[in-house]
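I opened this notebook to record what I looked up in the structure. The entries follow the order in which I consulted the model.

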Amino acid sequence: MATVTLSHVTKRFGGVTAVRDLDLEIRDGECFSLLGPSGCGKTTTLRMLAGFEDLDEGEIRVGDRVFSNSARHYYLPPEKRDFGMVFQAFAVWPHLNIFDNVAFPLQIKGLSQADIQEKTRRALADTGLLKVQHAFPGELSGGEKQRIALARAIAINPQVMLLDEPLSNLDPKLREEMRFEIKDLQRRLGFTIVFVTHDQAEAMAISDRMLVMRDGVLQQVGSPIAIYEQPASRFVFSFIGLSNFLPMEDRDSCSYVQGAPEAGPLEAPRPNGVAGPTWTLASRPTHIDLQAEGGLRGTVLRRVYLGEVVEYRVRIGPHELRIQKGARDQVFEEGATVGLSFRQYLGYPEE
Amino acid sequence: MRPRRFGTAELLLLLSILILVVVVAIPILLIFWNAFVVEGKPDFLRALALLKEPDTLEALKNSLVIAGGTTVLSTIIGVFFAWLVSRTDLPYKGTMKVLFLVPFMLPSFIGALAWKILLSPRGGHINRLLMDLFHLEDPVFNIMSLGGIIAVETMYLFPFVFIQVSGALERMDPTLEEAARISGAGLFTITRRITLPLMMPSILAGALLVALYSLAHFGVPAILGTERNIFIIPTKIYEKIYASGGNFEAIRTGTMLSSILVLSAAAILYVQSLVLSSGRFQVISGKSMRPMVLKLRGLKWPLLILSVVYIAITVVLPTVTIFLVGTLKTYGLAFKLENMTLDNFTYILFKWELTRDAIWNSFYLSLSAAAVTMLIGTLISYVLVKTKIRGKFLLEFLGVLPFSVPGTVIALGVILMWSGRFGVNLYNTAWIIFVAYIARYMAFALKSTSAALEQVHDSLEEAARACGATKWQAMKDVVLPLIKPGMVAAFFLIFLPALRELTTSVLLYGPHTRTIGVAIYTLNEDGETVYAAALAAIALVIIVLGQLLIKRVTRAKIESA
């Protein structure tokens, strides 16, 4: 069983807390993403998992085995953890050819020549590298280098695979392709994936479950859909996909936009879980309808055709909203007064 | 193609080519001409016969042994200390890193002088001390031997390797090692199978620099070897030119030996460019992360002590010796307060014409050579980097020459060129040293100004032109201010080594044109050990002050930027 458990994990660098009191369970065989802006602590978390960083507090276990424990100053060294790991900058050894790169972990394990040959060839076949096995990394493209790193990581058939922004050095088309390949490999070999990324689309596409982190603090854990549909905070809402925020205030049991009472009251119920007379309305650009009459009144500032989609910038008082409609929907001119109604929205406490 | 008008760019190109031809190319050609052409006909057999003379053969063999030994020893020491300060948890790593660079500041011939005082077989202080202490018949060390020369050169040359390797270790992508670690490899395996192979190009580059320098180096073998009849190529050339009274056969042997030096330097540089251009070892990372550090545990303090003792023996001991001997009333007296005096220094600085002249000569020669070479270097680099005109390849070829010409060869070349054969006789004047310095240090100027110019993107100049500036205004207001730091660096890169120069000027000095290096060397030759040491002490003070000045100037530059 390769369930990875982090309990109360804290890591400080000097005066900065990189990871604060993190509790997490990554299930056997799932693909789990750590998502957040740069400097949020996701890479530090992965490096603690790998054993490259000690813990200031807490414990990391894999299955029943303790891998890191700060109280006992016990740290299983990285080379004893039997993880596979893929690094952002590929970390392919330029002085070894492709075959030797992939065979390296097997040679270290002291396997027999025949075993090394067989397992290396299988890893190379799994990643489509058999044909170039005698080439040197310098002769290959970025995508192929990342395949070498992947092949090297799966060669020992690890139970857990750590991926540190493995796709961010690739161009967009290749990135999509590699996503599928990684998922495909996982399906065939059955390892657990811990995947670090700052790209929310990538995380949503690849993960069974994911977490969002900010400044070392866990914000939310859940399936991609749950996190997209029910972001736990304004930060998570803004980090996952395009977003609009409108500050609201309640008067006479109606909600008005702050600084724009003339726009009229919100013709929809105030969301649950928002206390106090002022709150923030959050909505995606595709979840707002435009109409000639009724709704919150605003003015079209700009209209941009994006092919399938038409994007409007609409002003309500001092605020500006981004709204996306289908290209075949009713068209509004720049300068026109329009009404906004929110098909889907959430409320958060004012920050 | 339409013939182009002869414009400013063409004029600059022609001027650059002309300067390099006169300063570098013709002197080298003259050397090869004298070596291989007899009475207008090529004659390689006679040239080879000259090489077969026992004393030349011996010098060639010694050069090989000393350059080889110094290279191997410097590489081992340089790699070891580089690894120690960048891959272990050695205490005071930062300080130690700076200290390991100090031997670079010390002119090696001054080091050799100190070691001769300490370890010469009979008179050396340490040898005498040991002999008295243990009642020995024979001296323990003999620094005036092949081994001694190798040891002393290594002390002052290992930083070439140290700088290359520690720099490469710091720039190396740490995930290359981490990937090996997560693959199951321990630190020893990683060092052997990943780190060392990846460092190979840097190690080799550093080692080749040591070989290049050691092969062409005059000071240490002259001070420690000549007295014992140990000659290498540069000291043999010196002996041929001086001891043989300048007869034709001697000059021919000198040019033959010089040709060998030029060819081996070119070969070394060629190998180096091959090593550096092989893209297989691109290991520089964009992301800076803390690399893995080996915990030394019990070895931590012993290794620190080893490092400190190494610095103490190679830097502190010789420096202190030079200063102490410089204060003695007469050489041979014991180091007691009543035997010491500061009069030696005032005598050297203010009263004795020979040393006063030497200090003054070194100063104005290195100042003027640095300024002129820097300006010429900027001009040539500008043409090389920024213009696109036909005929540039010629300048590119000429621009490589200064890198491969050892100091002794330059000296011999300018003697052949400026001794009246072409109507100008500069022999025995300061001018001949000045011309030689320009040739010798052109490589430094080209390197740092072309690096600066390459960083100024063409679009910056084009933007100025688009804003209405003329080519000259764009140059003056945009390009020059941006490359000024590179020019300042070039100036100091020339000024400081020129101040302590010996190899070239020792072949060129006349009665009134001794440099500091020459004065120290000749004083030592004449047995004036105390005055040699005192002048060396003054030279060390000047060098340290100069280094501090550079630090101030360059730091002010960084802060204002």
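Entry 1. How many residues lie between S17(A) and S18(A) in their hairpin, and which residue in the turn has a positive phi? I found 2 residues between the two strands, and A:Gly317 in the turn with a positive phi of about 55°. I note that this is a predicted model, in which local features need pLDDT of at least 70 and side-chain atom pairs count only at pLDDT 80 or more, while totals for chains, interfaces and linings use all residues. Residues are numbered from 1 along each chain as its sequence is written, chains are lettered from A and ligands numbered from 1 in the order in which they are written, and side-chain values use heavy atoms, with hydrogens and water left out.

Entry 2. I then took up the pairing inside this hairpin. Strand S17 (residues 309-316) of chain A runs antiparallel to S18(A), and 8 bridges join them. I read A:Gln324 in S18(A) as the bridge partner of A:Glu311. For the terms, helices (H or I, at least four residues) and strands (E, at least two) are DSSP runs numbered from the N terminus, and two strands pair if DSSP finds at least two bridges between them.

Entry 3. I placed the hairpin in its sheet. The sheet is open, has 5 strands in the order S15-S19-S16-S17-S18 (chain A), and is paired antiparallel. Strands S15 (288-291) and S18 (319-326) of chain A each have a single partner strand and stand at the edges, so one side of each lacks a neighbour in the sheet. Neighbouring strands here are turned by 45° against each other on average, direction ignored; axes are lines fitted to C-alpha atoms, for helices over the stretch in contact, and angles run from 0 to 180 degrees between N-to-C directions.

Entry 4. I turned to another sheet of chain A. This open sheet of 5 strands has the order S2-S1-S4-S5-S6 (chain A), with antiparallel pairing. Its edges are S2 (16-26) and S6 (74-75) of chain A; each has a single partner strand, so one side of each is left without a neighbour in the sheet. S6(A) pairs with strand S5 (residues 65-69) of chain A over 2 bridges in the antiparallel sense, and A:Tyr74 is the bridge partner of A:Asn69. Helix H1 (residues 42-50) of chain A packs on the sheet and touches S1 (4-13), S2, S4 (57-62) and S5 of chain A, contact meaning heavy atoms within 4.5 Å. The direction of H1(A) makes about 115° with that of S1(A).

Entry 5. I searched for salt bridges (a side-chain nitrogen of Lys or Arg within 4 Å of a carboxyl oxygen of Asp or Glu).

Entry 6. Lastly, I examined where chain B meets chain A. Each chain gives 24 residues to the contact. I counted 2 salt bridges between the chains, including one between the side chains of A:Arg47 and B:Glu178 (2.7 Å, N to O). The largest share of the side of chain B that touches chain A, 7 residues, comes from H9(B).
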